[in-house]
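Welcome! Let us take a friendly walk through a protein model, from its inside to its surface.

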Amino acid sequence: MSRQSMKAAQRRAEVIPPSEIVIPEAPLPPGSPQPIPSIGAVELATTLAGTVVHREKGMPPIVMLTGVSGMGKSVAARYAAEKFGGYYVAADEMWSAATMITDICKEVGISVERPGGAAYKALFKALVEYLKKHPGKIIVIDEFDKAVKRRLTEIVRDLVDKSGCALLIVGEETLPKQLEKLSHERFRNRIVSHNKVERCTLKEARELAQYYSKDIKIKDDLLERMVSECNGVTRRIRVSISWVVTFADGGELAEVGCAEFGGRSLFTQKI
């Protein structure tokens with residue numbers, strides 16, 4: 001196929017009859033998410049989201065949440081999206097401009113009736129118009145590190161600028177450096193706030209234990225051991241709590257501390 005023919009085919013692919021794009025009549029209202037432990041990541045994500053959802057006119061629309069793996073960022077991001085009636089998507093290594101916009105459209109409820117796929121430019125336009133029609137919405141993009149690696153930040157900025165929506169980006173602790181290296185200054189200038197999720201404390205471990213240990217009481221000395229040996233990583237502490245509950249159930253114990261649990265292993269991920 002000649003270059004001219006390829007360009008003509010591309011132009012045809014970018015045009016979708018409006019009747020074939022299905023757009024929901026109304027967005028989801030802000031909800032009451034299922035209660036989850038009130039740990040640092042949840043509080044930070046909720047606060048950040050509220051900052052840009054309720055921002056004053058002319059204020060930057062993007063906020064960023066980062067932290068090491070296993071700190072509960074994804075759970076917190078989903079929670080914040082649901083709380084504010086927003087839309088959660090997670091980037092992946094295969095994302096392109098087309099798949100990113102398609103994934104966001106699916107979350108919003110925008111679809112294409114005719115099988116065979118639609119060009120992302122038409123979907124992008126439909127998404128922008130929908131978000132403009134329903135202001136006050138937030139899009140949450142998790143694993144944003146991968147979107148940066150795929151050089152998608154300018155398309156994301158374009159979506160935010162044209163639609164007026166708020167944006168929460170979530171990623172690993174290296175995300176700020178990645179943005180500095182691989183994204184345009186125009187994107188970084190729109191980030192109004194950045195919070196980093198700190199490692200789990202004893203207080204937060206208590207919250208996790210109260211939520212996940214059913215009727216079993218895990219004593220502070222064992223929780224302190226978890227925080228230390230799990231290096232404050234929320235996911236490891238969560239798994240360790242499950243192991244302790246299984247141990248307690250087997251021994252029909254109502255309370256478990258270091259004395260009862262002994263030298264049994266916790267989930268430290270040491271191989």
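Predicted model: local features only at pLDDT ≥ 70, side-chain atom pairs only at ≥ 80, totals over all residues.

Residues are numbered from 1 along each chain as its sequence is written, and side-chain values use heavy atoms, with hydrogens and water left out.

**The cores**

In soluble globular proteins, nonpolar side chains tend to be buried together. A nonpolar core here is a set of buried Ala, Val, Leu, Ile, Met, Phe, Trp, Tyr and Cys residues joined through side-chain atoms within 4.5 Å. Buried means under 20% relative accessible area, exposed over 50%, and partly exposed in between, using a 1.4 Å probe and protein chains only.

The largest nonpolar core has 45 residues, and Ile138, Met226 and Ile237 touch the most other members. Among the elements that give two or more residues to this core are helix H2 (40-53), strand E2 (62-66) and helix H12 (234-251). Helices (H or I, at least four residues) and strands (E, at least two) are DSSP runs, numbered from the N terminus. The largest share, seven residues, comes from H2.

What is Ile237 in contact with, leaving aside its neighbours within four places in sequence? Its partners include Cys200, Leu208, Met226 and Val227, where contact means heavy atoms within 4.5 Å. A second, separate core of 38 residues includes Ile104 and Phe124.

**Strand E2**

Five of the five residues of E2 are buried. Ile62, Met64 and Thr66 lie on one side, with Val63 and Leu65 on the other.

**The largest pocket**

On a 1 Å grid over the protein atoms alone, a pocket is an open set of points where a 1.4 Å probe fits, with protein on both sides within 12 Å along at least five of seven lines; lining residues have an atom within 4 Å of a point. The largest pocket holds about 380 Å³ of space. Of its 22 lining residues, Met71, Gly72, Lys73, Val75 and Arg235 are the closest to its centre. H3, H10 and H12 each give two or more residues to the lining, and the largest share, four residues, comes from H3.

Technical notes: Points joined across faces, edges and corners; volume = space filled by probe spheres on them.
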